[in-house]
Amino acid sequence: MSNPVLNDNFYSQERVLDAQPMTISGTVNKILVLLACVFAGAIYNWSLLLSGHVDQASAIGIVGAIVAFITSLVIIFTREKTAKYLSPVYAIAEGVFLGSISAYFDAAWRGIAIQAIAGTFIVLLVMLSLYRSNLIRFSERFYAVLMTSLLSVMAIYIIQFVASLFGRGIPGIFESGLVGIVFSLIVVGIAAMSLIQDFWFIEEGAKNLLPKDMEWYAAFGLMLTLVWLYVEILRLLAKLNSRN
């Protein structure tokens, strides 16, 4: 899916002429705050699991997923009006949920969560470097290809979900075989390329002098992509480890 936050509607705001506008550095600071919130939520729930409170941690993880989903929808539809207040709530709730699933994967393959976190930040830094050096440039053609790829992946996930309701599924792509690994690599690649879109829209938002509170909205948008990237890397590593 294309980022529901950092898209063309991002620029429907008027320019700021008599107040402090959105800046890249300000957005980066907001991203760091949200990352800290995600880690805080994840560490808290993981610590519950390690201390033996499995049922409590599982329940909190489910609540976290629901809260993260609801707050993300509210932010998407209300934009910067609520992003300043709800983005940290989303990040903490998402962290709680990620802590649960990360602990589950780590229990099966020790160290996989740390590897996924490292992989996510490595991809983030690599894509940022490629973007800043103009080796990868955001364009209409880039956007069209990215949208086609995202919609294709979304269609596959929807088909898989519907098929699973009838006890069936798409053969191979969600398993640890070669087809499944190739599919996960493709999805990780698409998630990584989505970061280019996010970088470009954040940079353009600063150039267009959008309101200061849009920094929170932009930071929230980038967090959506990072969470998706982390989950896909985690699933890819799980497939690779299950073959050993």
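**A first look at the model**

M223 lies in helix α7 (helices are DSSP runs of H or I, at least four residues, numbered from the N terminus). This is a predicted model: local features need pLDDT of at least 70, side-chain atom pairs count only at pLDDT 80 or more, and totals for chains, interfaces and linings use all residues. Residues are numbered from 1 along each chain as its sequence is written, and side-chain values use heavy atoms, with hydrogens and water left out.

**Confidence**
- The protein averages a pLDDT of 89, and 92% of the residues score at least 70 (pLDDT is the predictor's confidence in each residue, from 0 to 100).
- Helix α4 (residues 112-132) has the highest confidence at 96, while helix α5 (residues 140-164) has the lowest, at a mean of 91.

**Around M223**
- M223 is buried, at a relative accessible area of 2% (buried means under 20%, exposed over 50%, partly exposed in between, with a 1.4 Å probe and protein chains only).
- Leaving aside neighbours within four places in sequence, M223 is in contact with I31, L34, L35, V38 and Y90 (contact means heavy atoms within 4.5 Å).
- L195 sits 28 residues away from M223 along the chain, with 10.0 Å between their C-alpha atoms.

**Helix α2**
- The 25 residues of α2 reach 36 Å from first C-alpha to last, close to the 36 Å expected at 1.5 Å a residue (the expected span is 1.5 Å times one less than the number of residues).
- Buried residues in α2 include A57, G61 and G64, and their cover includes α1 (24-50), α3 (80-108) and α7 (214-242).
- F69 is also found in α2 (residues 54-78), but F69 counts as exposed because its relative accessibility is 54%.
- After α2 comes R79, whose phi is positive, near 60 degrees.

**Salt bridges**
- The whole structure holds seven salt bridges (a side-chain nitrogen of Lys or Arg within 4 Å of a carboxyl oxygen of Asp or Glu).
- R110 and D106 pair up at 3.2 Å, N to O; R110 is exposed at 67%, whereas D106 is buried at 6%.
- K207 bridges to E204, with the closest N and O atoms 3.6 Å apart; they are separated by about one helical turn because they stand three residues apart in helix α6 (residues 178-207).
- E232 bridges to R235 at 3.9 Å between the closest N and O atoms; E232 is buried at 4%, and R235 is partly exposed at 26%.
- Salt bridges with shared partners also join K30, K212 and E215 into one network.

How values were computed. Helix = DSSP H or I, 4+ residues; strand = E, 2+ residues; numbered from the N terminus.
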